[in-house]
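Please look over the sequence and the model together before reading on. The paragraphs below are meant to be followed with the structure open beside them.

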Amino acid sequence: INDTEDIMRHRNQFIGILFLSAFPLYGIGSNILASESTGGLGLALVFANSLVVLIIGRLLQTITLPHSQLVANIYLSARIQEAIFLAIYGSLVYNGADAESAVYDLYRIAMVGLGVGSLPLLTTLTNAQVIPTWLGRFGLVGYISVICGIFADGVGAVDLGLGLMMPGALFEVTFAFWFIVQGVAADDYEVMD
């Protein structure tokens, strides 16, 4: 293994770890915020999740740029809006807003934005053969399910919404492990300035 391959292997593993870390950072952080006992820790975890989301957006943008600048920028924008809305949501809950109130719509907006922004990313990476077809299709189904789940939750079908979110969560875990084990080839990365 030469130095470039070693660097790319580590970058792929880093992306996978970031995807996996977002779940406990946001999940545990938002639950701590809702419990009101140690809200400062919860807010720190939610903010850490937003940082992770931004890094994921930038790193996947570098993979997508050689294939479509528009799609790369759409995905980065989706991740930026997700990070911002989740951080605002966490801040509002930390400052006394009810986690189940209207501020929950910020979470919904963040997730729909992520889902919509991920669809062209997965289509582009699949068509360019950067990721396997099965993984791209799984991601498309997963993120479409997330979008539908958020809308179901928004109209009061909470259990259906949660069930529809599961394929998206399973995709992100699978995507993370694919990055850790396989990952993208070195020539699929745009050189970062």
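The model is a predicted one, in which local features need pLDDT of at least 70 and side-chain atom pairs count only at pLDDT 80 or more, while totals for chains, interfaces and linings use all residues. Residues are numbered from 1 along each chain as its sequence is written, and side-chain values use heavy atoms, with hydrogens and water left out.

Helices in this text are DSSP runs of H or I with at least four residues, numbered from the N terminus. Helix α5 (residues 133–154) and helix α6 (residues 158–181) have axes that come within 7 Å and cross at roughly 150 degrees; such axes are lines fitted to C-alpha atoms over the stretch in contact, and the angles run from 0 to 180 degrees between N-to-C directions. The two helices, α5 and α6, are therefore roughly antiparallel to each other, a term used for angles over 145 degrees. α5 passes α6 in a left-handed crossing, that is, one in which the near helix is turned anticlockwise from the far one by less than a right angle. By class, the contact of α5 with α6 has 17 nonpolar, seven polar and two charged residues, where Ala, Val, Leu, Ile, Met, Phe, Trp, Tyr, Cys and Pro count as nonpolar, Asp, Glu, Lys and Arg as charged, and the others, Gly among them, as polar.

Helix α6 also packs with helix α1 (residues 3–35), at an angle of about 155 degrees and with the axes 7 Å apart. That angle makes α1 roughly antiparallel to α6, and the crossing of α1 and α6 is left-handed. On the α1 side the contact (heavy atoms within 4.5 Å) is made by residues including Asn-12, Gln-13, Ile-15, Gly-16 and Phe-19, and on the α6 side by residues including Ala-169, Glu-172, Phe-175, Ala-176 and Phe-179. The residues of this contact of α1 with α6 divide into twelve nonpolar, three polar and one charged.

The aromatic rings come next. A pair of aromatic rings is described by the distance of the centres and the angle of the planes. Rings of Phe, Tyr and Trp (its six-membered ring) pair if their centres lie within 6.5 Å, and planes over 60 degrees apart count as edge-to-face. By this rule the count comes to ten aromatic pairs. One of them, formed by Tyr-89 and Tyr-104, is edge-to-face, at 6.3 Å centre to centre with 65 degrees between the planes. Tyr-89 lies in helix α3 (residues 69–94) and Tyr-104 in helix α4 (residues 104–127), so the pair ties together parts that are 15 residues apart in sequence. Both Tyr-89 and Tyr-104 are buried, which stands for under 20% relative accessible area, with exposed meaning over 50% and partly exposed in between (1.4 Å probe, protein chains only).

Tyr-143 and Phe-171 form an edge-to-face pair as well, at 5.6 Å centre to centre with 70 degrees between the planes. This pair links distant parts of the chain, with Tyr-143 in helix α5 and Phe-171 in helix α6, 28 residues apart. Tyr-143 counts as buried at 3% relative accessibility, and Phe-171 is buried with a relative accessible area of 1%. Phe-19, Phe-138, Tyr-143, Phe-171, Phe-175, Trp-178 and Phe-179 form one aromatic cluster.

Among the members of that cluster is Phe-179, placed in helix α6 and buried, with a relative accessible area of 1%. Phe-179 and Gln-13 are 166 residues apart in sequence, yet 5.8 Å apart in space, C-alpha to C-alpha. Not counting residues up to four places away in sequence, Phe-179 touches Asn-12, Gln-13, Ile-15, Gly-16, Leu-60, Ile-63 and Val-184.

Ile-55 is partly exposed, with a relative accessible area of 27%, whereas Asn-49 is buried, with a relative accessible area of 2%. With residues up to four places away in sequence not counted, Ile-55 touches Phe-14 and Leu-18, and Asn-49 touches Ala-22, Leu-25, Tyr-26 and Leu-86.

The last stop is a backbone feature. Most residues other than glycine have a negative phi. Gln-129 has a positive phi of about 60 degrees although it is not a glycine. Gln-129 lies in the loop between α4 and α5 and is exposed, with a relative accessible area of 69%.

Conventions:
Angles under 35 degrees count as roughly parallel, over 145 as roughly antiparallel, 65 to 115 as roughly perpendicular and the rest as oblique. Rings of Phe, Tyr and Trp (its six-membered ring) pair if their centres lie within 6.5 Å; planes under 30 degrees apart count as stacked, over 60 as edge-to-face and the rest as tilted.
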